[in-house]
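Reader: I would like to go through this model with you and ask, term by term, what each label rests on.

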Amino acid sequence: MDWSAIFLTLRLASVVCITELIIGTPIAAWLSFTRWRWKFFAESIVALPLVLPPTVLGFYVLVALGSNSPIGRFCESLTGHRLPFQGLVVASVIASMPFAVQPMAAAFSQVDRNLINASSILGASRFRTFVRVVVPLSINGVVTGFVLSFAHTLGEFGVVLMVGGNIPGVTRTVAIAIYDHVQSFDYVGANRMAMLLMAFSFVTLSITYFFNRRIWTVSPIQR
């Protein structure tokens, strides 16, 4: 079992999903409440990673953060070396953005506007209303976005390979380790890692869906 790859994957997924909460929550709130007529352009940008090949996304992140780019040269001047793990974080955050933003935006948009208006009438600011009213009523969507971004990052392959390559202990995640085992015809090792990843993802999603389930009750028709 490649424990370094496992720990690196868990670390990457944790950083990504926390970053998604910090960045994705304001984006989801804006998409839910804005009345901008061209909002669909922003929605398309957020959802773009769902249809783009990971190699395309990884290529542009690599170009933007590489040593030949202004951002890459600036980071190297500050740290003295390249930032492979940070590049993985940036690429993974972009790739997981729709998985985090869309569930939260859907949950925010379902909050009763009368409650939001009542909070404003009582003198609460927009931020306080969002924190005290919108978020508690949308907690299922927030948790779903958090977990989906975490689970998606666990299995990310194309973006990780394009941006970080295959550096053991630095950019070699579980998905890359499985690929290496297959390339070396070590199907036993590949199966061991794949089963671990599949079991962990399944348990994570099952727990999330369990706590987010809805109990539907059908009442008799009253005449």
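Reader: What does the accessible surface of the protein chain come to, and what percentage belongs to carbon and sulfur atoms?

Author: The accessible surface of the protein chain comes to about 13800 Å², and 68% of it belongs to carbon and sulfur atoms; accessible areas are taken from the Shrake-Rupley method with a 1.4 Å probe, and for residues only the protein chains shown count as cover. Please keep in mind that this is a predicted model, in which local features need pLDDT of at least 70 and side-chain atom pairs count only at pLDDT 80 or more, while totals for chains, interfaces and linings use all residues. Residues are numbered from 1 along each chain as its sequence is written, and side-chain values use heavy atoms, with hydrogens and water left out.

Reader: How many helices and strands does the protein chain have?

Author: The protein chain has eleven helices and zero strands, where helices (H or I, at least four residues) and strands (E, at least two) are DSSP runs numbered from the N terminus.

Reader: Why is Leu-154 called buried?

Author: Buried means under 20% relative accessible area, exposed over 50%, and partly exposed in between (1.4 Å probe, protein chains only). Leu-154 has a relative accessibility of 2%, and therefore counts as buried. This residue is placed in helix 8 (residues 139-154), and, not counting residues up to four places away in sequence, Leu-154 touches Thr-9, Leu-10, Ala-13, Leu-197, Phe-200 and Ser-201, a contact being heavy atoms within 4.5 Å. Of the 223 residues of the protein chain, 38% count as buried.

Reader: What makes Lys-39 and Glu-43 a salt bridge?

Author: A salt bridge is a side-chain nitrogen of Lys or Arg within 4 Å of a carboxyl oxygen of Asp or Glu. The closest N and O atoms of Lys-39 and Glu-43 are 3.9 Å apart, so the pair meets the rule. Lys-39 and Glu-43 are four residues apart in helix 2 (residues 39-51), and therefore separated by about one helical turn.

Reader: How many salt bridges are there by this rule, and which side chain does Asp-180 meet?

Author: The count comes to two salt bridges, and Asp-180 meets Arg-172 at 3.0 Å, N to O. Asp-180, at 21% relative accessibility, counts as partly exposed, whereas Arg-172, at 16%, counts as buried.

Reader: What is the volume of the largest pocket, and what makes a space a pocket?

Author: The largest pocket has a volume of about 400 Å³, a volume being the space filled by probe spheres set on grid points joined across faces, edges and corners. On a 1 Å grid over the protein atoms alone, a pocket is an open set of points with protein on both sides within 12 Å along at least five of seven lines, whereas in a cavity a 1.4 Å probe fits but cannot get out; lining residues have an atom within 4 Å of a point. Helix 7 gives the largest share of the lining of the largest pocket, five residues.

Reader: Where is Phe-185 placed, and is Phe-185 buried or exposed?

Author: Phe-185 lies in the loop between helix 10 and helix 11 (187-211), and its relative accessible area of 63% is why Phe-185 is called exposed. Phe-185 also has a positive phi of about 60°, although it is not a glycine. Most residues other than glycine have a negative phi.
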